Amino acid sequence: METKILEINPIDPDMDKIEYAASILRRGGLVAFPTETVYGLGADALNERAVENTFKAKGRPADNPLIVHIWDISEVDRLVSFISEDATKLMRAFWPGPLTLVMKKSSIVPDIITGGLDTVAIRIPCHPIARQLIKASGVPISAPSANISGKPSPTLARHVIADLLGKVDVIIDGGACKIGVESTVIDMTVEPPVLLRPGDITHIQLEKILGHVKIDAGVVGKIENDIKPRSPGMKYTHYSPKAEVMVVEGEKGKVVEFINSKANESKCRGLLVGILALDNTKGEYEADKVLSVGDADKPETIAATLFAALREMDEAGVDIIFTQSIDEGGVGMAIRNRLFKAAGYNIFKAGE
Ligand code: TXA
Ligand code: MG
């Protein structure tokens, strides 16, 4: 299949190009587009064949459900069978934005979207290209992250091109995604509501609106094979680059020392070594490739670069990546969650 690449300026989207991409979606085609979190791979959520092609293009397991994207809050009604007061509060507070609500689905939502579950995940993105595109298409748009399943989510059009060129109809290049980690997912079908995937909207922000919000075990720890996860996506090895990843926790000086000694050991074994550092430690590391993922005191800078950095390590062909752990504050919980998954829970404590 020939993939058309459309450059669109997010500040002032060219409506002819948006309308063209929307017409492809209406015809059952696949269009990758930027959102404020990561790039998504869009299809008409009510067209089963189009949705099936999304799974094929990504190599995604059929039991991992997709998020349905809409452009306006009035579109929720026909997709769900029930909206709780708490759900309404969250929509008012955080939509459009990086929050996905899981609610009981209505009968128009095909089973292929929900992996057979009786719930559906919905969000309104706040990226101008995403919203205009969904509005112009006139249909709800299912959009998983636009990467090959298991790879880090794409935050630049070139990541999408690397994974999906020739497998989708259109890739919209709208520049870098500002947030860089996927939306927060919260299950509103249970009481108290459960945080299934941490993102830019934090647990604290959710609790301010709802009172108590439970954190799913899969957010902070590894899901064992015999436990059925509430969010099917949580059980898959995610965000994994080709290289082995090791996260090192502990006090800053000890972490640097530990990573340098491990990096040196790996070097002696003939491995090409990468290190993910922070702005204030980058100069202290020695390896084949050292990248800073941002400022330790500004976790949003780390969220915005983490996935691109993991991909850059792959492009450099490193065999092993050591990375500092990140504090839990703000979007830090989401970063730790992605990092730990990338590492397959290969976590070390420096100085022990
Ligand atoms: O920021 C985002 O959410 C991006 C952009 C493109 O919007 N999309 C995204 O989609 O990250 P995806 O498919 O990569 O991740 C969707 C997550 C998966 O972990 C999936 O298991 C979960 O949402 N999910 C979807 N429907 C669900 C449901 N009915 N119940 C529980 N979890 C659900
Ligand atoms: Mg994904």
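Student: Which residue does D111 form a salt bridge with, and how far apart are the closest N and O atoms?
Tutor: D111 pairs with K105, and the closest N and O atoms are 3.9 Å apart. A salt bridge here is a side-chain nitrogen of Lys or Arg within 4 Å of a carboxyl oxygen of Asp or Glu.

Student: What should I know about the model and its numbering?
Tutor: This is a predicted model, in which local features need pLDDT of at least 70 and side-chain atom pairs count only at pLDDT 80 or more, while totals for chains, interfaces and linings use all residues. Residues are numbered from 1 along each chain as its sequence is written, chains are lettered from A and ligands numbered from 1 in the order in which they are written, and side-chain values use heavy atoms, with hydrogens and water left out.

Student: Is K105 buried or exposed?
Tutor: K105 counts as buried, because its relative accessibility is 17%. The classes are buried under 20% relative accessible area, exposed over 50% and partly exposed in between, with a 1.4 Å probe and protein chains only.

Student: How many salt bridges does the structure hold?
Tutor: The structure holds 16 salt bridges. One of them joins the side chains of R311 and D163, at 2.9 Å from N to O. That pair links distant parts of the chain, 148 residues apart: R311 is in helix 10 (residues 299-315) and D163 in helix 6 (residues 157-164). Helices (H or I, at least four residues) and strands (E, at least two) are DSSP runs, numbered from the N terminus.

Student: Are R311 and D163 buried or exposed?
Tutor: R311 is buried, with a relative accessible area of 6%, and D163 is buried at 5%.

Student: Which residues are linked in a network with D163?
Tutor: K151 and R311 are linked with D163 in a network of salt bridges.

Student: What does E312 form a salt bridge with?
Tutor: E312 pairs with K289, with 3.5 Å between the closest N and O atoms. E312 lies in helix 10 and K289 in strand 14 (residues 289-292), so this pair ties together parts 23 residues apart in sequence. E312 is partly exposed at 32% relative accessible area, and K289 is partly exposed at 24%.

Student: Changing topic, how many disulfides are there?
Tutor: The structure holds zero disulfides, a disulfide being a pair of cysteine sulfur atoms within 2.5 Å. For C126, the nearest cysteine sulfur is that of C177, 11 Å away.

Student: Where do C126 and C268 stand in relative accessible area?
Tutor: C126 is partly exposed at 38%, whereas C268 is exposed at 64%.
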